[in-house]
Structures are given as structure tokens and as C-alpha cells.
Amino acid sequence: MNILETKNLKKIYGKGATEVKALRGINFSVKRGEFVSIVGTSGSGKSTLLHMIGGLDRPTSGEVYIDNKNISDLKDEQLTIFRRRKIGFIFQSYNLVPTLNVYENIVLPIELDGNEVDKNYINEIVNLLGINKKFNNLPNTLSGGQQQRVAIARALASKPAIILADEPTGNLDSKTTQDVLSLLKITSEKFQQTIVMITHNEEVAQLANRIIRIEDGQIVGEKYVQCE
């Protein structure tokens with residue numbers, strides 16, 4: 001079953017001489033539980049694509065379906081609620097709230113939605129990510145790798161339909177990058193979580209089940225990665 005599908009997705013910035021075609025008719029789909037990397041050089045359109053998929057920006061034309069819902073049709077308030085309930089985000093800059101401790105950051109999306117926190121599930125996530133002893137820490141007392149683990153836990157906490165990761169290891173050193181990516185892979189398999197990850201790093205991309213290559217706003221190739 002497809003959890004994500006885009007149909008002829010286009011994004012144009014500016015007009016006339018300043019017009020930039022960031023996306024030129026993107027069509028692809030992602031099955032439930034799949035881990036997909038989208039790779040491309042700077043300016044290829046990969047981050048624009050992620051913003052369209054995540055409802056952070058609206059396409060010029062085309063459609064985005066997540067969990068069988070056409071998010072392109074949603075009004076702003078509806079889209080905000082849908083994002084909170086159905087999409088988990090992991091950003092390069094972590095985007096943790098500095099005045100909230102680790103636990104509060106993790107459960108924030110759930111509490112904003114007025115739902116009860118599944119504490120057993122949260123404990124399972126944080127134990128797997130190795131941050132179970134950091135619940136009371138503020139983000140500025142954590143290393144970059146620890147902050148990114150908190151961001152992964154927050155993305156998983158609300159059991160979203162899909163997680164979108166935008167260069168999730170861009171601010172980490174090579175050792176921490178491998179640790180975080182391994183944990184991301186493990187969590188995706190353990191919780192059957194669908195993940196779409198944007199990266200320019202070919203080695204990072206190899207961790208996914210499938211790699212989609214984008215250049216000049218178009219998909220130019222894809223391949224499945226052999227699992228060992």
C-alpha cells in the first residue's frame with residue numbers, strides 16, 4: 001500500500017526573467033514501511049520536494065497524497081493539523097524547543113493535539129535511542145548526536161504515517177553520523193515506520209531501501225539497495 005504519492009508535482013518561483021522551475025512534474029510513490037533516500041546536488045530541487053511532501057509549502061500545480069489524503073486540497077488550518085498528526089519531521093538543525101527538557105520536546109506534538117501520551121511506547125523509543133537517562137536535560141546540555149536522537153524520538157512519538165528527514169546528519173561528525181543513521185534504520189524496521197530522507201551524501205543514501213535521484217527538478221533515476 002502506498003503511504004505517499006505525488007502526481008505531476010511542479011513548483012515555480014518568480015515570473016518572467018526571474019522564473020525558476022524548481023520542480024518539473026515529479027511522479028513517485030512510497031510504500032508503507034519503506035525507507036527511501038532522495039539524493040541530488042545543491043539546487044536540484046530535493047529540499048523543495050520535501051517541503052511539498054511535508055505540506056510546508058504548496059506546489060504550483062500537481063497533487064500530494066499522504067495516507068490516501070490529498071493534502072494539496074487542505075486549507076491552512078487543516079494542513080497544520082494533518083502535519084501534526086500524520087507527518088514527523090527530522091531537520092538538520094534539530095529544531096528542539098530550548099526551554100523544554102528532552103521528555104517535553106518528545107511529547108510536544110502529542111500534547112499539542114490534545115492526545116494522551118503512550119508512555120510505554122515513548123520508553124521503548126528512548127531506550128532504543130539511548131536517551132532514556134536524559135529526560136530532564138535541556139537541549140543545550142546535549143551533544144549534537146544526542147539532540148538528533150531526541151528529534152528522531154519526537155518524530156516517532158506520535159506514530160505518524162510518514163517521517164521526513166532533511167539532511168538529518170548534516171551537522172554531525174562522521175562517527176556520530178553513522179550512529180544516528182544506524183538508529184534511524186533500526187527504528188524504521190522495528191516500528192515499520194515509513195521514512196523519506198533527503199541527502200546529498202551518497203554514503204548516507206545507501207542506508208535506505210531505495211534511492212531516488214533528482215536533478216534540475218526532475219527524477220533522473222532510481223535503484224533498490226541490496227540488503228545484507
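In what order do the six strands of the open sheet stand? They run S6-S7-S8-S3-S9-S10, and the pairing is mixed. Two strands count as paired if DSSP finds at least two bridges between them. The edge strands here are S6 and strand S10 (218-224), each of which pairs on one side only. On average, neighbouring strands of this sheet are turned by 20 degrees against each other, direction ignored.

Before I go on, a word on the model. This is a predicted model, where local features need pLDDT of at least 70, side-chain atom pairs count only at pLDDT 80 or more, and totals for chains, interfaces and linings use all residues. Residues are numbered from 1 along each chain as its sequence is written, and side-chain values use heavy atoms, with hydrogens and water left out.

The protein chain has seven helices and 10 strands. Helices (H or I, at least four residues) and strands (E, at least two) are DSSP runs, numbered from the N terminus. A compact globule of 228 residues would have a radius of gyration near 17 Å, and the protein chain agrees, with 17 Å. That radius is taken over C-alpha atoms, and the globule rule is 2.2 Å times the number of residues to the power 0.38. The C-alpha trace spans about 55 × 40 × 35 Å along its principal axes.

Strand S9 (residues 210-215) and S10 run antiparallel and are joined by six bridges. Ile214 stands opposite Ile219 in S10. Helix H1 (residues 46-53) packs on this sheet, touching strand S3 (35-39), S6, strand S7 (162-166), strand S8 (195-199) and S9. Contact means heavy atoms within 4.5 Å. The direction of H1 makes about 150 degrees with that of S7. For such angles, axes are lines fitted to C-alpha atoms, for helices over the stretch in contact, and the values run from 0 to 180 degrees between N-to-C directions. H2 packs on the sheet too, touching S6 and S7, and its direction makes about 80 degrees with that of S6.

Next, the sheet of four strands. It is open, in the order S2-S1-S4-S5, with antiparallel pairing. Its edge strands are strand S2 (20-31) and strand S5 (69-70). Strand S1 (residues 2-13) pairs with strand S4 (residues 61-66) over five bridges. Glu5 has Tyr65 as its bridge partner in S4. H1 packs on this sheet as well, touching S1, S2 and S4, at about 120 degrees to the direction of S1.

Now the empty space. Rolling a probe the size of a water molecule over the atoms shows where such space is left. On a 1 Å grid over the protein atoms alone, a cavity is a set of points where a 1.4 Å probe fits but cannot get out, while a pocket is an open set with protein on both sides within 12 Å along at least five of seven lines; lining residues have an atom within 4 Å of a point. Grid points are joined across faces, edges and corners, and a volume is the space filled by probe spheres set on the points.

The largest pocket holds about 340 Å³. It is lined by 15 residues, and the closest to its centre are Arg84, Ile87, Phe89, Pro109 and Arg154. S6 gives the largest share of this lining, four residues.

The structure holds one cavity of 30 Å³ or more. The largest cavity has about 50 Å³ of space, and its lining includes Met52, Asp57, Val64 and Leu79.
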